[in-house]
Amino acid sequence: KGGRGAVSLEEISTATVATYLVPGPDGGILGEMSNLAETLNCNCYLDFDEEACRSSTLPDVATLFLRRILQDQGWTSEEDLVHARQSKIVLVGHRSGAALAYEMAMQLQNMEMDVWLVIIQGEVSMAGSQKWLGSTCEAALALARQLGAKDFALQEAAAMAAARKEKLQVSKGRLQTRCGLAFDGISGVSLNGHPKNGVSPDDDANKLLMKAFWKVSDQLNGMSVEGFKGLVQDIASRMDWYMNLSSGADFAFDGPALLILGDETPEDADAMIESNALYCTNLEVVDVLGDEHTCLNDDNIRMLADQIISWQVFCRYC
């Protein structure tokens, strides 16, 4: 694709020195990227453990993970770092993990190391326009996907996003009506004699949580509703921690960067390309099958991995 020629197995095997997967808590915290690690023959998987969760800023987490990468590669002395600068590290960020991968790439760039950045359906800016349903909803859907209810999770996410978009439009209409009534000297406390009605995000989350529990109950080995809720909240709390981290670098990444977009979410493509292009001066964009989650499914993972591998080889020899 994109004018690239055939890639030999020898080129593929020598195309990278080290590839590290950087999941965001909204995509990968339950091991969804293990398929990609296996397909890329890469066991380098970074995790949000207790030490990482004690960090309060994105640069702090990036520094911790980079220290682990250097230790993993055996680059612990100044002499080792001289050798490291002749090597290459590829960071792969999925969804909100792209922001952490970008921060890590910027720190490596400042160390004058050869680093390449892959962004899977995400944005390197934490202030990007990614869809976010709230930590409880995202956690419940992530757990459902991990337990085999991928179609359920996809349908529920789409339905919730559509419902919230409709509610937002209704709220805007009510606000405009209220403003008009206020200018006419009429109280905006009620419309047509009825108070404003609506469903809070907590109500949405609780309904989804119960639907998810019954959908995957056969896979829970007798876990109670309260146990399931506790598990979801544990995941949600980690998501909240990550999404509230203070952002880091606001400069351009000059190394090779690849943005991978799912062909099932074309409405997000332009915004993601524009946002990432602001921070990555050497950005290439490719499409794969699926959406932000299903691109990692068994049926689609080979295509995604092939795009990453062929991009690395193409950039290496171009």
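A crossing of two helices is left-handed if the near helix is turned anticlockwise from the far one by less than a right angle, and right-handed if clockwise. The model is predicted, so local features need pLDDT of at least 70 and side-chain atom pairs count only at pLDDT 80 or more, while totals for chains, interfaces and linings use all residues. Residues are numbered from 1 along each chain as its sequence is written, and side-chain values use heavy atoms, with hydrogens and water left out.

**Stop 1: α4 and α6**

Select α4 (58-73) and helix α6 (residues 97-110). Helices (H or I, at least four residues) and strands (E, at least two) are DSSP runs, numbered from the N terminus. The two helices pack at an angle of about 65 degrees, their axes 9 Å apart. The axes are lines fitted to C-alpha atoms, for helices over the stretch in contact, and angles run from 0 to 180 degrees between N-to-C directions. That makes α4 roughly perpendicular to α6 (angles under 35 degrees count as roughly parallel, over 145 as roughly antiparallel, 65 to 115 as roughly perpendicular and the rest as oblique). The crossing of α4 past α6 is right-handed.

Now show the side chains where they meet, with contact meaning heavy atoms within 4.5 Å. From α4 come Leu58, Pro59, Val61, Ala62, Thr63, Phe65, Leu66 and Ile69, and from α6 come Ala99, Leu100, Glu103, Met104, Gln107 and Leu108. By class, this contact has 11 nonpolar, 2 polar and 1 charged residues. Here Ala, Val, Leu, Ile, Met, Phe, Trp, Tyr, Cys and Pro count as nonpolar, Asp, Glu, Lys and Arg as charged, and the others, Gly among them, as polar.

**Stop 2: the surroundings of α6**

Keep α6 selected. Its 14 residues reach 20 Å from first C-alpha to last, close to the 20 Å expected at 1.5 Å a residue (the expected span is 1.5 Å times one less than the number of residues). Of the 14 residues of α6, 12 are buried, so this helix is largely enclosed by the rest of the structure. Buried means under 20% relative accessible area, exposed over 50%, and partly exposed in between (1.4 Å probe, protein chains only).

**Stop 3: two positive phi values**

Move to Glu112, in the loop between α6 and β3. Its phi is near 60 degrees, a positive value in a residue other than glycine. Glu112 is exposed, with a relative accessible area of 63%.

Next select Gln121, in the loop between β3 and α7 (135-146). Gln121 is not a glycine either, and its phi is positive, about 45 degrees. Gln121 is buried, at a relative accessible area of 2%.

**Stop 4**

Select helix α10 (residues 225-243), whose 19 residues should span 27 Å at 1.5 Å a residue; its end C-alpha atoms are 26 Å apart, which agrees. The buried residues of α10 are Phe228, Val232, Ile235, Ala236, Met239, Trp241 and Tyr242.

In helix α11 (residues 266-279), pick Ser275. At 12% relative accessibility, Ser275 is buried. Leaving aside residues up to four places away in sequence, Ser275 touches Glu123 and Ser125.

**Stop 5**

Finish at Gly74, in the loop between α4 and α5 (78-84). Gly74 is partly exposed, with a relative accessible area of 36%. Draw a C-alpha to C-alpha distance from Gly74 to Ala84: the two are 10 residues apart in sequence and 9.5 Å apart in space.
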